[in-house]
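Thank you all for making the time. I would like to walk you through one model, going from the whole chain down to a few single residues.

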Amino acid sequence: MGILPLDPRRQLSDHIANPTALGAAHSHGASVSSPPPETDPSPVSRLPPELLAEIFICCLPEGRFPAPCVTAAPLLPAHICKAWRSVALSTPHLWSAIHLHHRNPLQDVRLVHLWLTHSGNRPLSLSLSIDFDERPQQAILNLICRYSHRWEHVRFKFRQLLCPPMYDLELAMGNVPMLSTFEFLARDVSAGNILPIRRLLSSAPHLKEISWVDDLADAETLLALPLSRLARLSLSIHYGSLDYIELLDQCANLEHIRITRPGPDIRPTPRAPPVLLPKLTSLNIAHDLTGILEHLILPALKHVRVQLDADGSGSGDTRYSRLMSVPTAGDMIAAAGSPLLLPAGDGVLGQTWDPKGLIQLIERSSCHLESLTIHVQMQHDDLLACMKACNLSLKRLGICGRLTPASCSALSEMLSPRRLESSSSSFVPSLVDGGVGDDDEEWESLCPRLTELIIDTRIPNTCSLVDMLQARMDLALSYDASTPTPTTPFQHPAGSSSPYFDEPLPIGSSTNVTLLPFERLRLHYPVGHRDIPILRDLAFYANSKKRDSLDLKIVESRLGNARGSSAGSRSRVRPYANRRRSTVAENAA
């Protein structure tokens with residue numbers, strides 16, 4: 001692409017406006033020549049324009065709001081040759097999304113104008129980041145507001161607006177018929193400068209999703225949002241106070257909510273009766289805000305993620321969140337690499353999470369939880385209580401943070417199937433020897449429908465998950481897939497000699513349930529762990545028995561440099577993915 005000029009913004013707009021910006025060299029001298037297309041066309045030159053346009057679309061950067069870049073689509077293919085440029089500029093899909101960090105008013109306005117000119121009539125995804133520094137920046141806002149009738153996904157990042165109202169969105173007011181998603185990230189923005197945003201959102205008839213990150217948010221601002229229309233809501237409040245129950249009481253159509261906040265002093269106000277949210281299926285919440293669950297009824301709830309306040313997952317500005325967050329004891333624990341699961345009585349700084357509110361919510365709502373992700377410290381017994389509460393419905397379990405050897409062993413013990421009656425045969429049967437034993441045997445296992453296990457933390461060298469994984473897989477493969485009734489009875493008992501089943505499971509002793517095999521495993525091991533080759537063989541064997549049955553990914557990491565220096569630690573990650581390698585087994589057969 002050549003050496004970039006000193007002003008990259010000017011170059012970007014020139015690349016769009018000037019058809020010969022990069023091809024001028026071909027018009028000087030006789031040294032640059034190519035055979036006429038009629039006599040010796042290259043294969044790519046024979047592609048139909050429609051197919052070439054689809055290829056360009058596949059080359060677009062990932063993400064909803066790509067930033068303009070001369071080394072990526074759509075600018076790169078637009079400057080390969082005249083034919084490609086013509087195809088690129090006539091493909092509106094390539095120009096229907098943009099992220100701009102506004103710095104230079106004149107050049108940025110020209111760039112965005114040229115970019116959106118080629119977007120045709122397609123719905124737009126626009127992201128605009130402005131550091132106002134208490135000065136007006138109305139020109140760029142006026143420009144994008146002229147296209148408001150095609151806004152679909154919009155993100156504004158505003159900073160340094162503590163002054164009186166500095167901008168307006170009048171050109172877009174009442175003219176956003178397609179707007180469905182809006183993200184707002186504010187830092188040092190006064191309530192007066194948020195009022196235009198509130199008015200804009202109130203005039204959006206099809207708005208379904210709001211993500212709001214604000215260090216100075218107040219209850220009046222948030223309660224004035226069109227909450228009753230929303231299906232998805234994400235809130236991150238750094239300072240201030242908010243009655244979450246009052247807010248949720250206005251969200252009758254909510255299907256997903258994410259609530260995080262680094263500030264340490266926000267608490268819900270108790271009230272009765274509980275708020276019913278009949279459509280809510282997904283809950284992502286900071287661990288020390290789970291007290292609000294005591295005031296909710298969520299009969300459709302299926303997915304729960306409990307995290308530390310500073311968890312950066314989601315669509316928020318994680319860099320900004322780190323700058324604005326107030327460190328808590330939980331944050332310091334996470335930074336120090338403290339264990340996620342702790343033995344009973346081993347809480348660190350009193351920051352272990354008590355899942356009582358979640359368990360009571362599941363019982364009160366009679367919901368069937370299918371996915372549980374835990375990114376916070378908790379006791380072994382508390383984890384067991386969570387898994388028992390969603391025993392028959394849990395399909396996906398995710399664990400982040402750090403595991404101690406005792407924690408890993410406890411998790412493996414919880415999920416391992418075990419016989420109800422004593423037997424002289426081995427507890428974990430061999431896959432090669434073909435079966436789990438006699439047809440009369442009855443088995444117990446926690447979470448029999450669990451098919452996906454994600455451990456996004458290093459499994460200690462001294463621990464192994466092989467026995468648990470192999471036992472569950474072997475027992476599942478012993479069932480006759482042609483009939484709904486298993487050939488080996490699998491029963492949840494009222495009690496057991498196992499230390500993790502000293503209390504009755506939440507189903508009757510006569511309930512027969514088919515144990516499902518794992519279909520997806522994401523595990524993080526240190527390099528050279530003894531489990532790794534065994535699990536790869538296990539995945540190969542499972543996929544040879546049934547096509548596309550097990551998707552295994554193992555991430556291997558090494559801490560410390562090659563010389564073992566104590567100057568610092570490095571993490572070198574080597575991924576391994578066994579994505580259903582059944583074809584090899586079929587060919588071998």
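Predicted model: local features only at pLDDT ≥ 70, side-chain atom pairs only at ≥ 80, totals over all residues.

As for the overall make-up, the chain has 16 helices and 21 strands, and of its 589 residues 49% count as buried. If we take the contacts between residues at least 6 apart in sequence, 73% of them join residues at least 24 apart.

Let me now turn to helix α2, which covers residues 49-58. Which residues of α2 are buried? They are Leu-52, Ala-53, Phe-56 and Ile-57, and they lie on the same side of α2, because the arc they cover around the axis is only 145°. The spacing is what one would look for, since an α-helix has 3.6 residues a turn, so residues three or four places apart point the same way. As to what these buried residues of α2 meet, they pack against α3, residues 82-89. Glu-50, which also sits in α2, is exposed, because its relative accessible area is 59% and the cut-off for exposed is over 50%. The C-alpha atom of Glu-50 is separated by 9.1 Å from that of Thr-91, which is 41 residues away along the chain.

Next comes the core. The largest nonpolar core has 133 residues, and those that touch the most other members are Trp-151, Phe-156, Phe-158 and Trp-212. Leaving out residues up to four places away in sequence, Phe-158 touches a list of residues that includes Ile-130, Phe-132, Leu-141, Tyr-167, Phe-184 and Leu-185. Leu-185 itself belongs to strand β4, residues 181-189, and it counts as buried because its relative accessible area of 5% is under the 20% cut-off. Between the C-alpha atoms of Leu-185 and Trp-212 there are 6.2 Å in space, although the two residues are 27 apart in sequence.

What about a loop residue, and is Ser-416 buried or exposed? Ser-416 lies in the loop between α13 (405-415) and β16 (418-419), and it is buried, with a relative accessible area of 9%. A polar atom of the Ser-416 side chain lies 2.6 Å from the backbone oxygen of Ser-412. Setting aside neighbours within four places in sequence, Ser-416 is in contact with Glu-444, Ser-445 and Met-468.

Cys-386 counts as buried at 3% relative accessibility, and Cys-163 counts as buried at 14%.

That is the end of my tour, and I am glad to take questions.

Methods
Residues numbered from 1 in each chain as written. Heavy atoms only, no water. Helix = DSSP H or I, 4+ residues; strand = E, 2+ residues; numbered from the N terminus. Buried < 20%, exposed > 50% of the residue type's maximum accessible area, 1.4 Å probe, protein only. Polar contact = N/O pair within 3.5 Å; in protein donor to acceptor, adjacent residues only side chain to side chain. Contact = heavy atoms within 4.5 Å. Arc of directions from axis to C-beta. Core = buried A, V, L, I, M, F, W, Y, C linked by side-chain atoms within 4.5 Å.
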